[in-house]
Amino acid sequence: MQKVLVANRGEIALRVFRSCKELGLSTVAIYSEADAGSLHVEAADEAHLIGPAPARESYLKVDAVLNAAARSGADAIHPGYGFLSENAAFAEQVIAAGLTWIGPAPEVIRSMGDKQRAREIADQAGVPIVPGSQRFQPEALDGLSEAAQAVGYPLLVKAAAGGGGIGMRRVDSEDKLAETVTATQSMAAKAFGDGSVFLERFVPKARHVEIQVFGFGDGTAVHLFERDCSLQRRFQKVIEESPAPGLPDAVRQEMAEAALRLVRAVRYGGAGTVEFIVDAETFAFYFLEMNTRIQVEHPVTEMVTGRDLVAMQLTFARGSLKGLDQSEVTCQGHVIEARLYAENPAKMFMPSPGTLEAFAGPSDVPYVRIDSGYRGGDTVTPYYDPMLAKVIAWGADRTEARRRLIDTLSAFRIEGLRTNRDFLVACLGDDQFARGDVHTSFIDSRRAQLIAA
């Protein structure tokens, strides 16, 4: 493995390039017409245009990505996150083309990507699962009412092939059930090519806690501790941290052991994340899903453990990563990450594309990491996720990390479009957040105060 093509864009492409270069690997960028002047294009050793701006005509177009790999002479592909990163068919085509796939085996991606199949595997591995229903195919709603009653209200209608908060809708009563299921099936068919859905009990005051894992493909694995990702809007994460505040050590350990049971059961190879819903009142936890890729929030784990997860992925794919003993993985201090978006919190967090007339964070701040694919003068297009940067701060304790992150965000110079910067600062400075009283309804329940602030 000598030359790696990153089948992605923006900050995640830049992040992968960084570890590639540290390992002496050449890098190849791909880009759409909208990204021709992007930082990730400039940073790579070479770059190849793969199509027009819409993702379905460029970053999601498998033939275009593979053709770029062939033109460049790349011998490996790293998918980053999003786009084709959890597409088992793409992984199979990469391997069939004689390239190294930097990710888990396609059959594992397929099993974990089907959310209901993943629940079955987790259940068989002795991992607690949220009460749920069978799969409902489009236009096939026989037994829906009875299944909902067995699951209990409130419940979530979830796309079987969904992920990252996409394809989830809450239902509080039976009168909205059928129309919500039909709408979710339609959306899932368009977004994932699979319109099947299932029902899952909704935990009203829940926390979202995930375990970072790394498997060695032979039934052995380690965990790299947990991340609390409870602060969300529209079921998508905004602020993540490690360790999870206020989580009893016994629960923390039980959750990590449950994640490892699942990883070992599927003989997982590479970096992945096992996500759980935790009842904020009782600390009972339930399997949510497994992400078979690097996560947006992986810097949290890297800073708290001192380990480069992307370098581990690359070295594992090369066949030269030595196995780790769990005792070798340690956690030091506290880390919090905030996702800085071009969006308007006062308008339901709607994206606000446009030109970044100025965009610069403070430089050389100790214990702070800024991952971004933008600079002043760049355009945030409506074609892709509007995340501008991930800002991550380490502290000896949670209070220090929180204050350091507030100071860093406040020092950003941003001109030309609306962002959620002030909203993030308000969240981090909120008394309830400062106490560690976090849950997935935190933003919705305190929206007025947080936006007014």
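These legends describe close-up views of a predicted model. Local features need pLDDT of at least 70, side-chain atom pairs count only at pLDDT 80 or more, and totals for chains, interfaces and linings use all residues. Residues are numbered from 1 along each chain as its sequence is written, and side-chain values use heavy atoms, leaving out hydrogens and water.

**View A. Five strands form a parallel open sheet.** The strand order is β3-β2-β1-β4-β5. Strands are DSSP runs (E, at least two residues), numbered from the N terminus, as are helices (H or I, at least four). Two strands pair if DSSP finds at least two bridges between them. β3 (46-51) and β5 (100-101) are the edge strands, each pairing on one side only.

View B. β1 (residues 3-6) and β2 (residues 26-32) pair in the parallel sense over four bridges. Val4 has Thr27 of β2 as its bridge partner. Axes are lines fitted to C-alpha atoms, for helices over the stretch in contact; angles run from 0 to 180 degrees between N-to-C directions.

**View C. Helices α7 and α8 cross at roughly 100°.** The axes of α7 (residues 144-151) and α8 (residues 177-192) come within 11 Å. Leu144, Ser145 and Ala148 of α7 make the contact (heavy atoms within 4.5 Å) with Leu177, Ala178 and Val181 of α8.

**View D. β9 and β10 run antiparallel.** Six bridges join β9 (residues 206-216) to β10 (residues 221-233). Gly215 stands opposite Ala221 in β10.
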